[in-house]
Amino acid sequence: MYLCDPKRMETKIKTFSQFGATGNGGITRHALLDADIAARREFVKCMETIGAKIEYDDMGNIYATLAGSNPEAKRIVMGSHTDSVPNGGNYDGVLGVMAAMEVLETVVAENIPHEHPLTAIIWTNEEGTCFKPTLGSSATISYEYLPKDLQAIYQHDDIMKAESLFHPSLTFEQALKDSGFYGKRENRLTRDNAKYMFEMHIEQGPILETAGNNIGVVNCVFGMRSLRVSFEGQTVHAGTFPMNHRKDALYAAAQAICYLHEEIDKLGYKDLVYTTGEITCKPCVHNCVPNFADFSIEVRYSDGEVLEHVEKIVHALADKKWAGCKCKVVDCWRRETVYWDEKLVACVEEAAKELDTKYQFIHSGAGHDAQIISYLLPTTMIFVPSKGGLSHCEEEWTSVEDCTLGASVMLNAILKADKK
């Protein structure tokens, strides 16, 4: 068994946390803008130092490869993304990149034999906070193998024309060309040149920490349904119109949200989660009764039949009026549960056992590049704990020891897969 180096890992964490630092312990690193470009250049510099071959594809994905003993073997790849959400943390996404770097650095430092080429990857624009949609570059690479409902979301021309939310005159295509990371289509990851993919990530939840475990052997990414519920009411004066004659769209939305919480909770599924994260109210004036309100409802769970049941509960809102307002429900987004490759999951578990770690099987409620790449290649993930379960915020934190242990598990799991 091989161990990665905590000093190298700590140096990487400190270095990458400087790119887009907010001054409050976190980062804002939008895809293909200055801070992300700096992080990518650091990756390239470090990987060139150990002799890795660097390639860019036409979506700006970066590949750093160490040759294996068999020139005919397909490569085993690992990695994640360097972009972040606004005021995000120093681990989400980029830890998967740093862990991949650490794996390659350990292979070189320890002169570890391996048959397959080993490749560390940075995927472009995973978060989708600067250019829509999320996961656009990994989806483009996997496009031919995606389900048709996902293909409809990831049209290449639409992705290239997408405008930055922060610089409206800047498209993804122009930002990519300006970044210096615009490469060749023939450099893309394909089934012909790659065999397996591993991704290490922080858990982004409290399960590992609560259980006192250091490693999560991930078995699936939850399926998801995203819907929009809207209400049409009537705007009247807030001071002169009697309460029993109003059609208050925001009040209708509030009633519906409380109803959904009650009905979905009655189903009794422990791991089922649902969220209302966006609410719109019009005219949004303090002395006007709202004539329009809508909200998002996003549901995540492993069982597709349960997700369908919840969808029916949400759609049933439109069968009646709420506070005198008409209701409309629209489907926005869906993805099915993705189960990781059983052989690779077994490799991760074996590595965790042999390293004498405290581990458990765990699912992912969040989406990842690996989830998209799984349509292209056999794939799996490794989780390390998130302090307090916090993520997508500046307080996000994972210990150097757990970061290094996760990289060590990934390294040894990859070496097991290398022999299969």
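Modeller: One definition to start: Ala, Val, Leu, Ile, Met, Phe, Trp, Tyr, Cys and Pro count as nonpolar, Asp, Glu, Lys and Arg as charged, and the others, Gly among them, as polar. The model is predicted, so local features need pLDDT of at least 70 and side-chain atom pairs 80 or more, while totals for chains, interfaces and linings use all residues. Residues are numbered from 1 along each chain as its sequence is written, and side-chain values use heavy atoms, without hydrogens and water.

Biologist: How do the residues lining the second largest pocket divide by class?

Modeller: Into 6 nonpolar, 3 polar and 4 charged. There are 13 lining residues, and Thr140, Ile141, Glu144, Arg185 and Arg188 lie closest to the centre. The volume of this pocket is about 270 Å³.

Biologist: What makes a space a pocket?

Modeller: On a 1 Å grid over the protein atoms alone, a pocket is an open set of points where a 1.4 Å probe fits, with protein on both sides within 12 Å along at least five of seven lines; lining residues have an atom within 4 Å of a point.

Biologist: Which residues lie nearest the centre of the largest pocket?

Modeller: Met224, Glu298, Arg300, Ala366 and Gly367, out of 46 lining residues. The largest pocket holds about 1500 Å³ of space. Strands E7 (223-232), E8 (273-275), E10 (292-301), E11 (326-335) and E13 (359-364) each give two or more residues to this lining. E7 gives the most, with 4 residues. By class, the lining has 16 nonpolar, 18 polar and 12 charged residues.

Biologist: Why is Asn61 called buried?

Modeller: Buried means under 20% relative accessible area, taken with a 1.4 Å probe on protein chains only. Asn61 has 0%, so Asn61 is buried. Asn61 sits in the loop between strand E1 (53-56) and strand E2 (62-66).

Biologist: How do you know that the side chain of Asn61 makes a polar contact?

Modeller: The pair must be N or O atoms within 3.5 Å, one able to donate a hydrogen and the other to accept it. The side chains of Asn61 and Asp57 are 3.1 Å apart, and they make a polar contact.

Biologist: Which residues touch the most other members of the largest nonpolar core?

Modeller: Phe43, Met78, Leu95, Leu189, Phe198 and Met410, in a core of 79 residues. Helix H13 (residues 400-419) gives the most to this core, with 11 residues. Another core lies apart, with 29 residues, among them Leu227 and Ile264.

Note on methods
Grid points are joined across faces, edges and corners, and a volume is the space filled by probe spheres set on the points. A nonpolar core is a set of buried Ala, Val, Leu, Ile, Met, Phe, Trp, Tyr and Cys residues joined through side-chain atoms within 4.5 Å. Buried means under 20% relative accessible area, exposed over 50%, partly exposed in between (1.4 Å probe, protein chains only).
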